[in-house]
Amino acid sequence: MGAPQLIIYDGSFEGFLSAVFHTYEHRLAEVDIQPAIRAQATFFGTTTRVETNVGHAGRVWHGITKKVEAAGAHILYRTFLSERAGVENLLLDRIRDIFAVGNKNSGNFSDATVLEIAKINKMVGREKHRMEAFVRFKLTKDGIYFAVIEPDFNVLPLIAEHFRSRYADQKWLIYDTKRGIGLYYDLDTMSEITMRLSGAALRPSAESTVYTSEELEYQQLWSTYFESTNIASRRNMKLHKRHIPQRYWKYLSEKSLQLKK
Amino acid sequence: MNFDRIKEKLAILADAAKYDVSCASSGSKRKNSSKGLGDSSGMGICHSYTEDGRCVSLLKILLTNHCIFDCAYCVTRRSNDVKRAAFKIQEVVDLTIHFYRRNYIEGLFLSSGIFKNADYTMERLVQVAKKLRLEENFNGYIHLKSIPGASDELMREAGLYADRLSVNIEIPTKEGLKLLAPEKNREDFLKPMKKVQNEITLYKEERKLLKSVPKFAPAGQSTQMIIGASGESDAQIMYTSAYFYKKFQMKRVYYSGYVPISMDPRLPSLGSQVPMLRENRLYQADWLLRFYGFEVTELLSPEHPNLDADVDPKLGWALRNLDQFPIDVNVADARMLARIPGVGMKSVQKILKARRFRKLNWDHLKAIGIARNRAQYFLICDSRDFLKRDLTSAQIRGLISKGSQSKFRGLYGPQLSLFESSAIATT
């Protein structure tokens, strides 16, 4: 056996499934699937670029959902959204097992692949829950509740439904500044939009031109509440930081206003 | 809106409400079906955490901190010289909506000092909830305080708009209440609880027949007791809790370590420590009652009126009942598995599932996630290296605390370790 064949895809979930299709179509045993942005060419073996093919992706996904229940398939999707290096090969391992023996191993935590996927899935789930908690909307002058997030994993598709059912009567936009994608709801439909917000637009000096005059007042009210509801004689900063890791502070108005003081 | 004035009020009325520890926002089933604002059908969410490490999930405020009562343990007591303020009904509604729209909170937790009389106060709390539901089409979480002595009619209305209702019993014993809040009567606390309990059962029954019957306080009732203000024992506290869980199907009883706020000679003095360790042990005992199938009489009795400080209540029980151990994890039933120290309910479920496939040994148990440091003295499994020596409970206690790290260690520190080493040396 030679070096694994490198397969490069565009980074999307459909792209990944197309790559999986490719491995079956060409009966490739030893492969290394990588997204284009991370791909490392090797001296040995060959490199193939797989174009995203919605039809192929659909067939693979359909095949998976026929073998495992919806929740099990969803776990694979969530694991993919972790964007961790090597996650594609881990998932390919799992998908091969599903096509070979079906759902049999889904609860078998003595299997290294199953265990690793369960762990990543848990991390993604935690990040999803954090984003549902830590999104802080600010009201812009054109009446859109706007929030910026910077999640460790690509959880935007996972939180969409939560925000739609909750904020059905207001326009909102959640922007993932790390990945340059946003989720926009216009009172009717929800759509994913790609945009590049310049650094200037996100800078504090731009606040007064972008947001309503009352916006800062509400942030200060919230921050007042946050400080007043604290019991100083029970201060426990270790616990505090465990619950809200410091990397999220800049997007939480109650913490960032505190930092500015 | 006059933001400066609102800010001032918010500071006063949030500060006065912070000793209420309940922050649950889960357990309701209010869906956003009419394209309104908010949805509380999922799990609760903690949107932030204060520097004391507590979750911020609801906007927790008093409507006013004016109060006609003079309960010694309370910051808003009549005789206390603090700044007083009162929100207008519309102000609370606006604050809740604007906070909710910005994803700061899951909903509102509204309590109040008692002004004029119980009904007058309760009526205003209900009006806030009613406005939120009917005028703002708000489906977020609403937790209202039931004001002791409020009329049945008002309590019924409250339950229709709120997700949860609660009355804080505050002082676990009748004698304590007489001492610290002589103007209050224990019966006044129990009456609204009974009323709400009856209505919940009634509405549930009717909903079975007719789907369109509205929900009544779908997230149930809760209550709270202050710990360490009236010299009560752990047994008195936990027996009261057990009574509430059984009698009123309470969803939760909260325990709040008394934070000294007064020079009153009837109470712990200003500099004294908040009893956090004790609070922690009470919560552990509470979990044993609700999820682990323990009876309160097993944990606390006239001979053991207080929980151990140095070991958790389950370990304490096991050490007093060594004759029931060791337990074989490969054959024991769920009830006994749950009684092994260091084995939680999640592990119990995993053990039950896993042992269908193979006999479990220490490696399996470790992967499942049990705490071997505590569990090893109380169980046998499919491994040869289980403990064969006969140890006394004092020896086990010493060995376990030697191998463990507790954040509370400083609180029961040196005397105990002396005791441990001497206990081991002599046996």
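The views below come from a predicted model.

**View 1. Glu83(A) has a positive phi.** Phi of this residue is near 60°, and Glu83(A) is not a glycine. Glu83(A) sits in the chain A loop between α3 (70-80) and α4 (87-101). Glu83(A) has 17 C-beta neighbours inside 10 Å, so it counts as partly exposed. Most residues other than glycine have a negative phi.

**View 2. Lys116(B) also has a positive phi.** The value is about 60°, in a residue that is not a glycine. Lys116(B) lies in the loop that links β4 (107-111) to α3 (118-135) in chain B. Lys116(B) is exposed because 10 other C-beta atoms lie within 10 Å.

View 3. Pro326(B) belongs to the chain B loop between α10 (313-320) and β9 (327-328). Most peptide bonds are trans.

**View 4. Six parallel strands build an open sheet in chain B.** Their order is β3-β4-β5-β6-β7-β8. At the edges are β3 (58-62) and β8 (252-257), each pairing on one side only. Neighbouring strands are turned by 20° against each other on average, direction ignored.

**View 5. Inside the sheet, β5 pairs with β6 in chain B.** Residues 141-145 and 164-166 pair in the parallel sense over three bridges. His143(B) stands opposite Arg164(B) of β6(B).

**View 6. Helix α7 of chain B lies across β7 and β8.** The helix spans residues 234-248 and runs at about 175° to β7(B), residues 221-227.

Note on methods: Residues numbered from 1 in each chain as written. Chains lettered and ligands numbered in written order. Predicted model: local features only at pLDDT ≥ 70, side-chain atom pairs only at ≥ 80, totals over all residues. Helix = DSSP H or I, 4+ residues; strand = E, 2+ residues; numbered from the N terminus. Buried ≥ 20, exposed ≤ 12 C-beta atoms within 10 Å, placed from the backbone. Pairing = 2+ DSSP bridges. Axes fitted to C-alpha atoms, helices over the stretch in contact; angles between N-to-C directions. Contact = placed C-beta atoms within 7 Å.
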